[in-house]
Amino acid sequence: KKAGEILEKVYVTGIGITGPCGNTAKEFWDGLLSGKSFISTLSGINKDIFPSNIGGMVKNITPEKYFSRRLLNKCSRFSVLSLLACNEALGDAGIDMTSYDKTRIGIFVGNNSGGWESANNGLKVLHREGPQYISPFLASNWFPAAPQGHISLAFGIKGYSKTVISDRVSGLLAIAYAARTIRAGLIDAAIVGGVETPLDEWALQFYHSSGILCSSYETPEKAYRPFDRRKQGMVLAEGAAFMVLESAESVRKRNAGERVRANIREFCMVYDGTTNAEPDTKVEQYKRAIDTAIKRSVVNPDDIRLICPDGTAVEEDDMVEVRALNEYWGSKSMDKYCTCPKASFGNTIGAASAFDAVLSILSMNTSTLPFISNLEDEGNCRGLNFVKKENIRATINSSLILSRGFGGVAAAMVINNREF
């Protein structure tokens with residue numbers, strides 16, 4: 001579609017979360033709004049070897065209540081978290097999988113690095129015990145597309161599907177692919193979101209060596225500080241956030257209008273186009289992503305009142321976001337609320353933008369905006385209306401979700417509140 005054309009609406013009818021703040025969307029939302037930090041020291045990780053030994057952990061899950069042991073034995077942890085979030089999302093949408101045409105439902109998953117613990121354990125077995133002792137399931141449970149296959153097995157889904165790998169943009173790009181596939185008429189509905197489980201020692205070392213993780217902090221709870229003057233880098237987290245998308249016709253056929261939570265308007269992804277781009281280049285490309293997504297969405301920029309930035313807590317990254325938003329909206333940037341919920345539980349990398357999308361929908365549905373943990377002094381990141389110190393009540397009809405990643409990728413998506 002060209003900018004300015006009216007797009008067929010794609011509706012969000014169900015959501016599901018398995019994450020550090022809670023193992024359902026309601027538990028997670030309640031935990032987030034409590035103001036508590038869900039970042040803690042990781043058990044079994046030696047800080048002398050792995051300086052970034054903190055993160056947001058998923059605890060007390062009971063997948064055997066919903067799925068067979070035979071299926072779970074085939075799954076790496078990131079597949080298990082995906083299955084739980086998808087199961088909740090489908091239930092929230094009220095989709096009866098016994099009667100819905102399974103060839104018309106797709107699966108779209110954003111992930112960055114696969115099942116770290118499965119690959120790590122496989123290597124340990126290989127070198128300690130020999131290749132004949134490696135699990136036969138390793139070949140199909142560690143790679144990033146594994147959750148897509150396991151979701152298909154669990155729910156019998158047979159429609160057009162895709163796994164997306166694009167660093168922190170992965171989840172947002174998966175949602176965009178799903179929405180466009182529905183608009184193209186290839187499917188009527190999709191289960192879509194993101195998942196990541198990077199709290200394995202191998203993964204922690206990988207991300208630490210990239211220089212983006214926080215390894216100096218007073219306490220784990222105070223470590224992740226997006227847009228704060230004392231920011232020291234990102235804190236990782238594990239989790240899965242999924243939603244059910246449907247065409248208008250699918251919602252009508254199911255008489256499910258009351259289940260509509262939001263609709264996906266439009267999306268844009270751009271690249272810096274050069275290695276180690278200068279900040280000015282990053283700002284210009286980020287602005288281009290924002291401008292294109294808003295123009296394609298046919299939403300008035302003034303009507304967007306909630307912004308969910310990427311928020312890595314890395315100095316240059318945070319400054320790029322603040323500059324781009326201030327330059328795009330000018331004096332009107334203070335008319336928008338800006339929040340970054342991941343400061344309370346950690347950054348889920350490939351699932352981070354999917355979490356932001358789902359949490360923005362909950363913000364619009366409940367008219368409640370969670371505050372940014374640990375944001376006390378913006379320092380050089382001034383100019384935006386950050387939600388600080390306490391949650392805010394506000395009516396929001398349109399949200400802008402932003403994401404960036406390694407390789408110069410940046411993306412923006414516009415999501416509207418219930419409109420069926």
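This is a predicted model: local features need pLDDT of at least 70, side-chain atom pairs count only at pLDDT 80 or more; totals for chains, interfaces and linings use all residues.
Thr18 stands opposite Ala240 of β7. Strand β1 covers residues 10-18 and also pairs with β8, again in the antiparallel sense, over three bridges. There, Val12 faces Ala262 of β8.

Strand β8 spans residues 262-271. Eight of its 10 residues are buried, so the strand is mostly covered. Pairing between β8 and strand β15 (residues 409-417) is antiparallel and extends over nine bridges. Asn263 has Asn416 of β15 as its bridge partner.

These pairings belong to an open sheet of 11 strands with mixed pairing. The strand order is β5-β4-β6-β7-β1-β8-β15-β14-β9-β10-β12. The edges are formed by β5 (162-164) and β12 (385-386), each of which pairs on one side only. In general, strands of a sheet pair through backbone hydrogen bonds, in a parallel or an antiparallel sense.

Charged contacts were examined next. A search of the whole structure returns 28 salt bridges. One of them joins Asp188 to Arg104, with the closest N and O atoms 3.0 Å apart. This pair links distant parts of the chain, 84 residues apart. Asp188 lies in the loop between α7 (170-183) and β6 (189-196). Arg104 lies in the loop between α3 (77-93) and β4 (105-110). Asp188 has a relative accessible area of 23% and is therefore partly exposed. Arg104 is also partly exposed, because its relative accessibility is 24%.

A salt bridge also connects the side chains of Lys231 and Glu315, at 3.2 Å from N to O. Lys231 sits in the loop between α8 (201-209) and β7, and Glu315 in helix α11 (residues 315-329), so the contact ties together parts that are 84 residues apart in sequence. The two partners differ in cover. Lys231 is buried, because its relative accessible area is 10%. Glu315, at 38% relative accessibility, counts as partly exposed.

Lys342 and Asp356 form a further salt bridge, with an N to O distance of 2.8 Å. Is Lys342 buried or exposed? Lys342 has a relative accessible area of 2%, so this residue is buried. Asp356 counts as buried too, because its relative accessibility is 3%. Elsewhere, salt bridges with shared partners join six residues into one network. Its members are Glu218, Lys222, Arg225, Asp228, Arg230 and Glu376. As a general point, side chains of opposite charge can pair when their charged atoms come close.

Aromatic rings were then considered. The whole structure contains 10 aromatic pairs. Phe28, Phe345 and Phe355 come together as one aromatic cluster. Rings also meet charged side chains. The charged end of Lys162 is placed over the ring of Tyr177, 5.2 Å from the ring centre. Likewise, the charged end of Arg404 sits over the ring of Tyr286, at 5.6 Å from its centre.

Which residues form a nonpolar patch on the surface? The patch consists of Leu123, Leu126 and Trp202. Together these residues have about 250 Å² of accessible area. Leu123 lies in helix α4 (residues 116-128). Its relative accessibility is 37%, so Leu123 counts as partly exposed.

Phe143 was also placed. This residue lies in the loop between α5 (138-141) and α6 (146-155). Phe143 is partly exposed, because its relative accessible area is 30%. Its C-alpha atom is 9.4 Å from that of Ser76.

How values were computed
Residues are numbered from 1 along each chain as its sequence is written. Side-chain values use heavy atoms; hydrogens and water are left out. Patches are made of residues with over 30% relative accessible area and no salt bridge: like charges are joined within 9 Å, nonpolar side chains (Val, Leu, Ile, Met, Phe, Trp, Tyr) within 5 Å. Accessible areas come from the Shrake-Rupley method with a 1.4 Å probe; for residues, only the protein chains shown count as cover. A salt bridge is a side-chain nitrogen of Lys or Arg within 4 Å of a carboxyl oxygen of Asp or Glu. Helices (H or I, at least four residues) and strands (E, at least two) are DSSP runs, numbered from the N terminus. Buried means under 20% relative accessible area, exposed over 50%, partly exposed in between (1.4 Å probe, protein chains only). Two strands pair if DSSP finds at least two bridges between them. Rings of Phe, Tyr and Trp (its six-membered ring) pair if their centres lie within 6.5 Å; planes under 30 degrees apart count as stacked, over 60 as edge-to-face and the rest as tilted. A charge sits over a ring if NZ of Lys or CZ of Arg is within 6 Å of the ring centre and within 35 degrees of the ring normal.
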